[in-house]
Each structure stands twice: as C-alpha cells, then as structure tokens.
Amino acid sequence: MSYFEDWTKRSETVENENDYKAYISKYYELEKNAYDAILSKYPDNEDLLNGKAIELAEKLGFTKDTMEIFVGFLEGINSSLVEEYDYKSVTDDSEVSLKVDYEKLYYNMRDAKAEWLFTLPSWKNVLSDEKIQEITKQYREDNIAHSEKIGRNDPCPCGSGKKYKKCCGKKEA
C-alpha cells in the first residue's frame, strides 16, 4: 500500500473512535511542528522544502513510521504551492520540491479554520502585521454570508425610496 493510500485509509476510516482521535491528534501535532519549522527558518528554509521525501520528512519532525502523515501534510500544503506537487505517488526516494505561496498558505489556513496554524508566532518571520491584516480582511470579505431576502426595513427594490414594509412589502401582507 502506498503512503497516500495508507494516509487516506487511516484519516478517513473510523474503526475505533479513540484510535482515530489519537491518529488525527498526532497529525495535527506533526503538521503544526512542520509549519513552525518552515516559517521559523524563512527565508533560509530551502533545505526544508527540497530534497528526498524521507530526508525532508525527518527534518520536519516526521519519522519512517509516520511517512503517511507526511504525505497528508503534503496533501494539505499542496493548494498553497506555486506549482502543485504529485503527493499521491510519494515514496521514500521521491524528490520533493515545494515552492510555497505564503500569502495563499495563510489564507488557506484561515479558510480551513486551522487556528493552531494561522496563529503561529513564526508567521511574523514571513508576513508583516499589515499583510496578515490585509489577508484576514480579504478572507472575511470573501466569506460574508449573503442573503437574497429583503428585510422589512431595507429600501424597497422598486425604487420608491420607501422602506420595503411601507411599500411593496405592505402589498404582500
């Protein structure tokens, strides 16, 4: 079974609730440590983003026994790369080259509601406070809930200038 198949099976199949929770907790812990290492060494972090899979995994805190979790990490970071990486076919000797778009990564962490990741203090090495605020604002604007329903006190869409409840809304009541 490939690392990706093992990762998919273990992260999506719940046979024992306690074992599953422990596995996912382990993933979150390793993921957080890997991102912290990458962000902490920025901009001199090329050795953590390029090389043989088994060597990168080790540098980022993964062991031979957690290589499938490393592939899960690669799956998670993939949408934040300049060029996506084929994580599904990773073996120990696969060459890995990750070109991270850090602004996109921060946005995607917010989108995933991964507060343990987007609040890492090591983000200060990569993005200015102003850039973090700008990305956060953009994320919030992109995720505002919109409703097509006209409120009672909204201006009437007919253009009369009256409140909806005093105009067309009155006709419906």
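Contact here means heavy atoms within 4.5 Å. Keep that in mind for the whole talk.

What we have is a predicted model, where local features need pLDDT of at least 70, side-chain atom pairs count only at pLDDT 80 or more, and totals for chains, interfaces and linings use all residues. Residues are numbered from 1 along each chain as its sequence is written, and side-chain values use heavy atoms, with hydrogens and water left out.

Let me start with Asn78. Leaving out residues up to four places away in sequence, Asn78 touches Glu84, Tyr85 and Tyr87. Asn78 sits in helix α5. Helices here are DSSP runs of H or I with at least four residues, strands are runs of E with at least two, and both are numbered from the N terminus. Is Asn78 buried or exposed? Buried, at 6% relative accessibility. The cut-offs: buried is under 20% relative accessible area, exposed is over 50%, and partly exposed is in between, with a 1.4 Å probe and protein chains only. A polar atom of the Asn78 side chain lies 2.6 Å from the backbone nitrogen of Tyr85. That is a polar contact, meaning a pair of N or O atoms within 3.5 Å; within protein, one must be able to donate a hydrogen and the other to accept it, and residues adjacent in sequence count only if both atoms are side-chain atoms.

Now step back to the whole chain. It has 9 helices and 2 strands. From the N terminus, the order is α-α-α-β-α-α-β-α-α-α-α. The radius of gyration is 23 Å, well over the 16 Å that the globule rule gives for 173 residues, so the chain is more spread out than a compact globule. That radius is taken over C-alpha atoms, and the rule is 2.2 Å times the number of residues to the power 0.38. Along the principal axes, the C-alpha atoms fill a box of roughly 70 × 40 × 25 Å. Of the 173 residues, 36% count as buried. Among contacts with a separation of 6 or more, 53% join residues 24 or more positions apart.

Next, the core. The largest nonpolar core has 45 residues. By nonpolar core I mean a set of buried Ala, Val, Leu, Ile, Met, Phe, Trp, Tyr and Cys residues joined through side-chain atoms within 4.5 Å. Which residues have the most contacts inside this core? They are Phe62, Phe70, Phe73, Leu74, Tyr102 and Trp123. The elements giving two or more residues to the core include α1 (3-12), α4 (53-59), α5 (67-78) and α8 (129-142). The largest share, 8 residues, comes from α2.

Take Phe70 from that list. Beyond its neighbours within four places in sequence, Phe70 is in contact with Ala53, Leu56, Ala57, Leu60 and Phe62.

Met67 is in helix α5. Met67 is buried, at 0% relative accessible area. With neighbours within four places set aside, its contacts are Tyr3, Ala53, Ile54, Ala57 and Asp92. Met67 and Ala53 are 14 residues apart along the chain, and their C-alpha atoms are separated by 8.7 Å.

On to α1. Its buried residues are Tyr3, Phe4, Trp7 and Ser11. Seen down the helix axis, they fall within an arc of 95°, so they line one face of α1. The arc is that of the directions from the helix axis to the C-beta atoms.

Now the loop between α2 (17-41) and α3 (46-49), where Asn45 is found. Asn45 is buried, with 2% relative accessible area. Its side chain reaches the backbone oxygen of Ile38 at 2.9 Å. Not counting residues up to four places away in sequence, Asn45 touches Ile38 and Tyr102. Pro43 is also in the loop between α2 and α3. What is the peptide bond from Tyr42 to Pro43? It is cis, with omega near 5°.

One more backbone detail. Lys113 is in the loop between α6 and α7. Its phi is near 55°, a positive value in a residue other than glycine. Lys113 is exposed, with a relative accessible area of 57%. In general, most residues other than glycine have a negative phi, and most peptide bonds are trans.

Last, Lys32, in helix α2. Lys32 counts as partly exposed, at 36% relative accessibility. Residues up to four places away aside, Lys32 touches Trp116, Leu117 and Leu120.
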